[in-house]
Amino acid sequence: MIKIERTEYAFASLNASPDEWEAMKAIVGYCASHFNHTELRYSLPFPEEQRHGKIESLCEAMNTVWGNPPIEDMYRDDLLLIAKCIIHTEGKELPKVNPKLQEAIAQQLLDIDVYHLFDDDNVTPEQWDLWNCERRIHDTKSWIIALHAKQTDKAGHPYAQHPLRVQMRLLELFPNVDEDTRHAALLHDVMEDCGITAEDLRERGYSEQTIQTVAAVTKNKDDGLTYAQRIDQLAAKGPLAAIQVKLCDLLDNNDPSRLSALSEEQARALNKRYSKAIQVLKARIAEP
């Protein structure tokens, strides 16, 4: 049985049985791969050129990022998009989807009335500001999931999970961090690993602070510096936002759960490197 509860202004939790979740993923996957043969290309509340990409990013997140239900803090637009995919394909014979289960899921979503769940009639200006901020953060999450889609980390896991965790760690360690730094945490590897330039980020509307932060944590392969020297340079001359992002990046890289997936020798070497760098950055942040 599907259960959806609003947890914050623009977020909700979703729970579903394993069979229901697999069917939901298959339906969204079908919509992503057969987009031009669905009514969704006309009905989604996004600019026409973004509609297909939104479903592709959602499909990627459902299959490689979120894991199995219960899923906490699912963004409103994702939930509404899942509902649209399921309701608009009801009655179609889809591969890997039991027709009766598909019908039951669609009926449950209609009964829950996901759209009414996020009624905006009593929204205050402060709530709108918060929602708009989280919407922009979500757009960045969707973009980096697409950018890192074919990449894996040293343990073979989907790479997009790393910047998502870095941004979460940033919020945990620095609760008052600004929006620009949150974007930078999500984007911190796109210049180095995805060929994205400062001008690309500028064209997408990111602030100069965000762009400078991403640039500051991006390795310059021609600078002739060792890893330790780059960390020392960042600690000495880098903006505070970049130091915070890099610290959260290293804390995630040095997490025992990630290192345990590597060989003992590799894990030991990386732990030594990351631990020393973490101490340097922590000391810099602690300075008055």
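Visitor: What should I keep in mind about the model and its numbering?
Guide: Residues are numbered from 1 along each chain as its sequence is written, and side-chain values use heavy atoms, with hydrogens and water left out. As this is a predicted model, local features need pLDDT of at least 70 and side-chain atom pairs count only at pLDDT 80 or more, while totals for chains, interfaces and linings use all residues.

Visitor: How does strand 1 run relative to strand 2, parallel or antiparallel?
Guide: Strand 1 (residues 3-8) and strand 2 run antiparallel and are joined by five bridges, where strands are DSSP runs of E, at least two residues, and helices are runs of H or I, at least four, numbered from the N terminus. Two strands pair if DSSP finds at least two bridges between them.

Visitor: Switching topic, why is helix 9 largely enclosed?
Guide: Helix 9 (residues 179-187) is largely enclosed by the rest of the structure because seven of its nine residues are buried, meaning under 20% relative accessible area with a 1.4 Å probe and protein chains only. Among the buried ones are Arg-182 and His-183.

Visitor: What sort of residues line the largest cavity?
Guide: The lining divides into three nonpolar, three polar and three charged residues, including Phe-46, Lys-54 and His-138.

Terms used: Buried < 20%, exposed > 50% of the residue type's maximum accessible area, 1.4 Å probe, protein only. 1 Å grid on protein atoms, 1.4 Å probe; cavity = no way out; pocket = protein on both sides within 12 Å on 5 of 7 lines; lining within 4 Å. Nonpolar A, V, L, I, M, F, W, Y, C, P; charged D, E, K, R; others polar.
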